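Please keep the sequence and the model in view while reading.

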Amino acid sequence: MTAPLGPARTGTATLSQGTVLESRYSVLRKLGRGGMSAVYQARDLRFPNITRLVAVKELLHSSHDAAMLEAVLSSFEREANLLATLTHPAIPRIYDYFTIGERSFLVMEYITGRDLEGILEEAPDGLPVEKVVGWSIELCDVLHYLHNHTPPIIFRDMKPSNVMIDENGILRLVDFGIAKLFAPDHKGTMIGTEGYSPPEQYRGEAGPLSDVYALGATLHHLLTRRDPRLEPPFTWGDRPIPQLRPEVPPAVVAVVEKALAYDPKARFADAHSMGEALAQSINTTVAVFAAPQPVVEAPGRSSIADQPGAPKVEWVFKCEDEVRGTPLLARDLLLVGAYDNNLYALNAERGEFQWKYPTEGGIPGRPEVGDDTVFVGSEDQRLHAVSLQTGRMMWTYYTERPIRASPRVAVEHVFIGSDDGALHAVQALTGRRVWKCDTGAPVRSTALVVGDRIYFGSDSGDVYALSLRGEIKWQFHAKRAVLSSPAEADGMVLFGSVDWVLYAVDSTSGWVIWRFRTGHSIVSSPAIAEGVVVFGSADGRIYAADLRTSRERWRFETEDQVTGTPLIHKGLVYCGSVDGYLYCLELASGRLRWKFKSGGPITGAPAANETSVFFGSSDHTIYALSANV
Amino acid sequence: MSPDTPPPSADAPGSEKTAALSSGPPIFHVGIGHDVGRVRTANEDSLIALTGLQQADSTLPYFGLFIVADGMGGHELGERASRLAAQTFARHVLTHFTTLWLGGSGGEEQLSIQEILEGAMIAANQSVLRHFPGSGTTLTAALMFSSQLFLAHVGDSRAYMVGSEIKQVTRDHSLVQRLIDIGQITPDEATRFAQRNVLLRAIGQTDELEPEFLTLPWEPGARLMLCSDGLWGPVDDARIQETMANSDTPQAACDALVQLANAAGGPDNISVICVELAGLR
């Protein structure tokens, strides 16, 4: 179903709906057309089961001179490669580029959302000053990133219609680099948009300070609602902000005026300084990005106080839906995903809200941190990479089905299973896929990386050992699904299966060394310490077995299924049960130290530090208990 | 694999394993000592050592199976019992393990190493019960492959890991050991205990045999040593370690250990297997 592309003569003809480019991108509709490019919305046919949309941008070149064309095409390739190396949360990702005949295409992330021009139009009373300043600070950050790239990149076309707020509320710079990419490189050609562009750009010169100016113009437009394209250039003095918008703080006005200086030398030294000045001007950068304040409740009294020997509740944090996943401690933060779609970062000591990051689906797993980045999978089918400091998105990576496994970070890669049946290996820095390994059934088991081997299970019942390049080294088949995440000790890989068995297999060859049978499915993942493996079973028990002999050391009966994973910490086993209790047992004997009742099933694993034990419950609550009972 | 997987290198399967080895495939160096001692007239111990190497389409280039059995019963019964037990055990492992090792199918559900070794022990027990009732034997077996050491044992023949120190990795199924475990006697008193030879478990005694299974990672540079009580009885662990450390080869170690046991009176049959795996990282 490939509609033929027009010959070179019609090189600037519009692509019609249904045209398939590169046997992969099916054009859905035209999004827009500028002087040098046309943009289409297309569907990526590589993902047949979901609708993955991409933006396809076509370079429009009118020259029919062969030498000129060749120069343009090689410049296109060079620039496409350059763009592909950019990694900033505000910059759309480049997926692909290709040239068909004389027509060149760039395939990039399709961003759904609104641009600032549209948002401004719908705000007859003007946009809140804090919001505008907040966006501008973020834009300074992107510009700073671009200007400090090697080689430096000048955006050249900063204006409200090139800034989008995507469906996640994240600011994105669009129409990126096209102006620079395809512009003939001689002086005298005006690139950019009249009204926003600085004086020097009218002379065909553009540098970092040109972007600073255009950002000043954008800021002026957003604050005053006066469109500079409808005014003579450089007439800002005729439209003073205090007159049009008296509530704008003078410090903000000063920043805008400085950015709009006619002489580049009189502007901010760089985008970074402008961002700092903006931050100071409203004196509270945090407030700009801050999410709603936390609901930290006083510890409930009724259910807890009547349990003798129960640990002290240090704090609780209420989410808007169930917490089925496992928290992660990173520095002084506790990171937890919830079924209210948010990834929360709380102060571990006090439970205070630090930030939250919204995904578009429930978060069933555990986050993982590497290099100040938090990685988390969501039922929105994506793996999200978020700044640990700010909670802002770095990148997202799409799989074809919901993600219910947890990510694993190792050797600068993130390994994560998806219900699309594959384990995905993704570059931690960029979110780009390196390989994927298909298993034919959902992968909900979290990968384990030991040395140069990756181990994970699949709902097909198979457990795989892969090399770091994704080659299968061995494959072990259990009778039923393996949702349990493997653990390793002494050259053995251990995991449970829905076939009721806990397996210990040789990590080098995949030979099963021993089996331990329980009375029901094992979804829980094994925890190993001191030569003992501890795990839960849907038969309601927590088991401890000797690693070397496979003999049972002890078992502990709970009142419902144990699907959560135990945590072994300082000689104690902490494990939740569907009966709503968190149990604390002695590792050596299985003797109960205490139990703590939450308001719903506990399906994740706890986390612990020196002072506290943390866990989430289906009662929408994250608990911090004192570990020193 | 998805189509966008980078093509793997031209390495053959298993080449990563081989590449980790210093040169060529890992080679077993095995020494054996089998001596009647200075008091007994018959040798009731049996030893078996099997090693396999393959440079074929396998990620498992080698395996080793080592068995020591110490029979009892008199009138040649002990000798026959230990031989039958060791051979039956080895046959069972060859049938089930080696078939798989050579790429054969494991049937519907692949037997675990534990099941293979325990099954071998049960087979040995049943054949001794059937053919030589009234006799008995210990049996300690070590299966090695893939950097793991798997042990199955019944009785008081021991397995040691010997490097810069000596570690006893099996625990005797003997009255003495039980008394030590429950704190009735000290290990020092045990060396002078009158009923040192009384076993709590042995092959050929009862249908209800409870073999002990154990797995542990192979320690590179260490030697595996299996022996009957004819060695560990008269010679203490420190002397065994020192002697093995001063022996260049496993065979030299076995010869020296037999000499030591005889020098200490040689009260019982002396059996020892010493194994070194050269070329393992």
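This is a predicted model: local features need pLDDT of at least 70, side-chain atom pairs count only at pLDDT 80 or more; totals for chains, interfaces and linings use all residues.

**Confidence**

- The scores of the model are ipTM 0.83 and pTM 0.64.
- In chain B, the pLDDT is below 50 over residues 1–23. Beyond near neighbours in sequence, this stretch has 27 contacts in the model, a contact being two residues whose C-beta atoms, placed from the backbone, lie within 7 Å.

**Chain A**

- Chain A has eleven helices and 42 strands; helices (H or I, at least four residues) and strands (E, at least two) are DSSP runs, numbered from the N terminus.
- Of its 629 residues, 50% count as buried. A residue is buried if 20 or more other C-beta atoms lie within 10 Å of its own, exposed if 12 or fewer, and partly exposed in between, with C-beta atoms placed from the backbone.
- Among the contacts in chain A with a separation of 6 or more, 47% come from residues 24 or more positions apart.

**Where the chains meet**

- The contact takes 22 residues from chain A and 19 residues from chain B.
- On the side of chain B that touches chain A, helix H3 (113–131) and strand E9 (212–217) of chain B are the elements that give two or more residues. E9(B) gives the most, with five residues.
- This side of chain B has nine nonpolar, ten polar and no charged residues. Ala, Val, Leu, Ile, Met, Phe, Trp, Tyr, Cys and Pro count as nonpolar, Asp, Glu, Lys and Arg as charged, and the others, Gly among them, as polar.

- Seven of the seven residues of strand E6 (residues 148–154) of chain B are buried. Gln148(B), Phe150(B), Ala152(B) and Val154(B) lie on one side, with Leu149(B), Leu151(B) and His153(B) on the other.
- Strand E5 (residues 139–145) of chain B runs antiparallel to E6(B), joined by seven bridges; strands pair if DSSP finds at least two bridges between them. Leu151(B) in E6(B) is the bridge partner of Ala142(B).
- Two residues separate E5(B) and E6(B) in a hairpin, and Ser146(B) in the turn has a positive phi of about 55°.
- E6(B) also pairs with E9(B), in the antiparallel sense, over six bridges. Here the bridge partner of His153(B) is Glu212(B).

**The five-stranded sheet of chain B**

- An open sheet with antiparallel pairing has the order E1-E11-E10-E7-E8 (chain B).
- Strand E1 (27–35) and strand E8 (166–168) of chain B each have a single partner strand, so one side of each is left without a neighbour in the sheet.
- From one strand to the next, the twist averages 20°. Axes are lines fitted to C-alpha atoms, for helices over the stretch in contact, and angles run from 0 to 180 degrees between N-to-C directions.
- Helix H7 (residues 237–245) of chain B packs on the sheet, and its direction makes about 130° with that of E8(B).

Conventions. Residues are numbered from 1 along each chain as its sequence is written. Chains are lettered from A and ligands numbered from 1 in the order in which they are written. pLDDT is the predictor's confidence in each residue, from 0 to 100.
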